[in-house]
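Reader: I'm new to this one. Can you put it up and walk me through it?
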Amino acid sequence: MIASVSSIASGFCLTDPEDPRYQYISSLRNRFGRFLHEASVSLQQQGEENTVDAVDMLVCPVPHSEQSARLMNTRSKLYAVNEEQYRNEKNVARIFAHQKVWPRAIYVRRARQVLHHGYTTSLDLASYIRYYHSARLHWNSIERRRGAIEDALIDDVVEWSLWHYAVYDGVRRRALPVLFKALEPGTDDDRMKGALWTLNSPPLGKYAISEPSLSPSIIQGLLGCQHNEKPSIQDCVSTVAENVLSSFLEPNFLIYGIPTPLVDKAIVQFRATLGVRDDPEDRDLVNRLRDQRTERSQLAENVAQANISSILDVGESESTHWRYEIVATRALRTLVRRDAPTSPRHLQYFLDRVYDDHPTIRYYAQRAVTKTARNLKLRTFCTTPMDLALMRVRNPLKMKTIIEPSHKWTAKVLADYRIPFDPNQDVRKPLFLDRDPLGWVAWDDAVALYLPPSPTKSAFSCWDPTSRETIETLREVATDPEFWEDVSEHYAQENHETTLTQDNASFVKSIFQLLQDEPFEALRPTLEKLLQNYDQNKQRAAAEFVAGLISGE
């Protein structure tokens with residue numbers, strides 16, 4: 001559902017569609033648009049005879065092109081420029097924080113429309129229009145309707161954006177399918193290169209990969225470009241992938257399952273204050289919006305699963321080039337989610353690459369395993385969607401003990417410090433303080449105490465039941481001595497590191513936290529071999545294993 005806004009008066013000369021002058025100017029605009037479209041079609045049929053000047057003269061008058069944005073003064077850019085100027089002048093004139101009264105020049109900058117009408121081009125006009133007027137113009141341009149002529153001109157600009165001399169930043173939904181199609185096998189090299197550089201534009205590439213309905217197309221398009229072996233095109237693919245992956249975010253729909261009783265109560269009170277009654281139409285609108293949100297969330301969920309499957313197919317293929325395998329590994333690491341369990345196939349992909357020959361692939365795969373383990377622990381110890389969204393964990397050994405503040409209680413706390421702890425005691429009761437008490441004068445009504453861990457049974461063995469198959473996959477790999485031998489070869493390689501690497505220790509720690517001491521016998525031969533070797537790199541690798549093992553246990 002898309003809301004609409006009402007236009008506001010902005011000082012336009014012609015506003016009445018029934019006015020003959022309005023109709024005359026409108027007809028001129030339509031004629032000029034048809035002329036541009038026909039000229040574009042004619043130029044496209046001339047092939048290599050096109051010249052840069054001819055195409056530039058054709059594209060510049062189209063209001064949606066980047067060149068015309070500079071010459072014809074696009075409303076949104078004009079608004080942003082004037083907003084920044086207004087903010088800068090306020091910062092210069094500000095004397096103290098939260099200032100409400102400003103010098104007269106600030107109000108003139110904000111409210112004045114045009115200093116004089118002696119401008120000769122739209123660039124001159126831009127220098128004299130002030131903040132409020134540009135805001136009104138920007139408001140009226142938000143929902144400008146398009147017709148057949150506008151759509152035809154947009155398609156023309158998209159076609160010219162695939163030419164290696166043109167740059168396009170226009171209506172994205174209409175342009176992106178054409179750009180994606182230009183990445184398919186059989187496309188001319190120059191046309192493919194033009195499509196890639198156009199997708200490198202942030203309003204296009206970053207928007208496409210962040211939008212659930214478009215992300216499969218751009219991911220599959222980029223990963224499918226390895227059919228073209230031309231070095232310049234592969235450099236384009238690397239640049240585009242590096243830029244767009246920063247906007248590829250982890251799917252997370254936890255916020256939609258969080259109850260908001262305080263917000264609901266505030267809405268009821270606000271409606272009562274305004275005297276607004278419960279309207280069936282309002283309820284129907286809210287229900288429709290909720291249904292649309294649910295539908296969009298389900299669409300995003302389906303897209304996320306489809307992305308995981310398609311990227312795994314590319315990453316697991318033996319014919320995939322290492323450049324594309326790096327992109328696939330980075331994308332799959334992003335798709336390791338907090339609100340849903342990681343599939344066994346997903347985790348297996350990372351485990352197979354923590355000892356890959358390429359260091360970048362090892363780096364992202366190792367971090368992906370660590371991220372998977374962290375999310376699994378969060379899903380275990382976060383009892384509510386709110387806790388999981390805020391990553392607020394509950395330690396199973398933590399107990400809240402109600403106390404009666406008194407001098408007797410203070411004396412007991414001090415006396416307990418003199419009693420040694422017996423790890424073999426049968427009765428386990430809250431005993432340990434994680435932090436110093438608030439004070440000896442004033443106590444809270446309750447104190448957080450921790451149970452001593454059992455010497456024979458782990459307190460963290462009951463992990464998230466929806467991740468049982470994933471844990472079994474990790475157990476099968478981590479209890480294989482050959483796995484640790486392969487990992488140790490890369491840990492012990494000669495490099496510039498003089499201390500242990502935190503990522504390596506965290507990787508080992510994550511495995512032992514989930515599996516406890518199960519992988520130790522598989523790791524033991526490799527660890528003993530490293531400890532017996534006096535080489536600096538072997539000792540560093542052994543230290544990383546020992547650090548991860550101790551912190552994980």
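Reader: How many residues does the protein chain have, and what percentage count as buried?
Author: There are 553 residues, and 37% count as buried. Buried means under 20% relative accessible area, exposed over 50%, partly exposed in between (1.4 Å probe, protein chains only). This is a predicted model, so local features need pLDDT of at least 70, side-chain atom pairs count only at pLDDT 80 or more, and totals for chains, interfaces and linings use all residues. Residues are numbered from 1 along each chain as its sequence is written, and side-chain values use heavy atoms, with hydrogens and water left out.

Reader: How many helices and strands are there?
Author: The protein chain has 25 helices and 2 strands. Both are DSSP runs, numbered from the N terminus: helices are H or I with at least four residues, strands E with at least two.

Reader: Which residues are buried in H1?
Author: Gly-33, Leu-36, Ser-40 and Leu-43. An α-helix has 3.6 residues a turn, so residues three or four places apart point the same way.

Reader: Switching to H10. Which residues are buried there?
Author: In H10, residues 189–199, the buried ones are Met-192, Lys-193, Gly-194, Ala-195, Leu-196, Thr-198 and Leu-199.

Reader: What does Asp-188 reach at the start of H10?
Author: A side-chain oxygen of Asp-188 comes to within 3.1 Å of the backbone nitrogen of Asp-190.

Notes: A polar contact is a pair of N or O atoms within 3.5 Å; within protein, one must be able to donate a hydrogen and the other to accept it, and residues adjacent in sequence count only if both atoms are side-chain atoms.
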